Amino acid sequence: MTFWSDAERHLVRYSGAGGFVPEIIERAEGSFVHTAGGRRILDFTSGQMSCILGHSHPAVVATVQRQAATLDHLFSGMLSRPVVDLARRLAEALPEPLSKVLLLTTGAESNEAAIRMAKLVTGGHEIVSFARSWHGMTQAAASATYSTGRKGYGPAAPGNFAIPTPNAYRPDFTTADGELDWRRQLDYAFEMYDAQSVGSLAACIVEPILSSGGVIDLPPGYLAALRDKCHERGGLLILDEAQTGLCRTGDWFAFDRDGVVPDILTLSKTLGAGLPLAAVVTSAEIEQTAHERGYLFFTTHVSDPLVAAVGNTVLDVLYADKLDQRARELGAHLRDGLLELAERHPVIGDVRGRGLLVGLELVLDRETKRPADELGSAVTRRCLELGLHVNVVQLPGMGGVFRIAPPLTSTPEEIDLGLEILDQAISDTAA
């Protein structure tokens, strides 16, 4: 019991009201983590939604070993080949005009850098994001985050505005047939913004699929309309693809589906496949203006060579193994399996998402869509007991929403195992 007593005595509890997973993890490999007690747990969250190549992928391990032995960290003003190579390759993977890259460590940091850049380039300071958003825990990113964590920390950055999230399962604006009327919702959102704005929009920052917001996919056409609203007011469109970028959704980038190229793109999580690597990508024009105005984001681990080398290896594997195609195929298999579960379990209200980022929402009643928060927690605990780690998002007014994001390297058999355990867990707890 020394481990847990030491943990209780010495660790800061950083997950709000939640606690630590009650297992000591000794190692991880592929789609599984292994506990000190000898249990093997299927990881349906890819670590912190990051390990798209699974845990300890041989190519990543080899890169870390080689790079750590030759070139790990530098003065932040020095450049190395892995950094320049990764910047070039990211630009080549993206549509024009995205061509300028800043390499950082976390999603929050990349969003912080993107917001800072947008403010400098536009001269504005107002930031618009979704009411279910999560963009990070640092100041500007946290100020643009509305799903949780706003109470008790003093004033947020001035000029932040929330707009309604276009949730097709729980629509607020509806058409005559009861479907989400997202165009009317978006018009209303910007009427409210315009009434409060001082005319200083810097950017709209959104995820193409809100992950911590309950795996809510933006309706086709929404992203283009949002971009136009933003541009009409002199702001830039920032897309946060921390979880959706690099093949997770079945496309290389989630915005590919909509054909909408952001002014600034942020990447993290999937880029490092579990290691701390993030990126800001923008156009040469925006970068030039930022540079002329003295853009400053000089941090300890900007342009670190070790993680940049890992990023290049991640791209190598994604291309060689055609993991965008694999995400589409495995995602369809996962979705079909979840829809089969929905036929047997009335507590499953909705299955949504794209590729291998799927949401499963539990409700007490399908007609009223009453939230099933306690059931979501109970199913999560039972899954862990049965050997499956899943993550449940619980937000006010929504039921327990499972974010299911297995590694892109998963096998169909591993997907089936996860579905089998989830089926058993719902049966055990929803009776």
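## Salt bridges

E29 and R27 form a salt bridge, with the closest N and O atoms 3.3 Å apart. The term covers a side-chain nitrogen of Lys or Arg within 4 Å of a carboxyl oxygen of Asp or Glu. R27 is partly exposed, at a relative accessible area of 46%. Here buried means under 20% relative accessible area, exposed over 50%, and partly exposed in between, using a 1.4 Å probe and protein chains only. By the salt-bridge rule the count comes to 20.

This is a predicted model: local features need pLDDT of at least 70, side-chain atom pairs count only at pLDDT 80 or more, and totals for chains, interfaces and linings use all residues. Residues are numbered from 1 along each chain as its sequence is written, and side-chain values use heavy atoms, leaving out hydrogens and water.

D350 and R352 form another salt bridge, the closest N and O atoms being 2.7 Å apart. Both residues are buried. They belong to a network of salt bridges that links R170, D350, R352 and E361.

## Helix α12

R382 and E385 meet in a salt bridge at 2.9 Å, N to O. Both lie in helix α12, three residues apart, about one turn of the helix. Helices are DSSP runs of H or I with at least four residues, strands are E runs of at least two, and both are numbered from the N terminus. R382 is partly exposed, with a relative accessible area of 25%. E385 is exposed, at 53%.

C383 is also found in α12, which spans residues 373–386. C383 is buried, with a relative accessible area of 0%. Leaving aside neighbours within four places in sequence, C383 is in contact (heavy atoms within 4.5 Å) with L388, V390, I421, L422 and A425. A425 is 42 residues from C383 along the chain, yet their C-alpha atoms are separated by 5.5 Å.

β1 (residues 25–29) and β2 run antiparallel, joined by four bridges. Two strands count as paired if DSSP finds at least two bridges between them. I25 stands opposite T35 in β2. Two residues separate the strands of this hairpin, where G30 takes a positive phi near 60°.

β2 (residues 32–35) also pairs with β3 (residues 40–43), antiparallel over three bridges. F32 stands opposite L42 in β3. This hairpin has four residues between the strands, and G38 takes a positive phi near 90°. From β2, F32 and H34 point one way, V33 and T35 the other way, and all are buried.

## The seven-stranded sheet

Seven strands form an open sheet of mixed pairing, in the order β4-β12-β11-β10-β7-β5-β6. β4 (98–104) and β6 (160–163) stand at the edges with a single partner strand each, so one side of each is left without a neighbour in the sheet. Neighbouring strands are turned by 20° against each other on average, direction ignored. Axes are lines fitted to C-alpha atoms, for helices over the stretch in contact, and angles run from 0 to 180 degrees between N-to-C directions.

β4 pairs with β12 (residues 278–283) in the antiparallel sense over six bridges. The bridge partner of L102 in β12 is V280. Helix α9 (residues 284–292) packs on the sheet, touching β4, β10 (236–240) and β12. The direction of α9 makes about 100° with that of β12.
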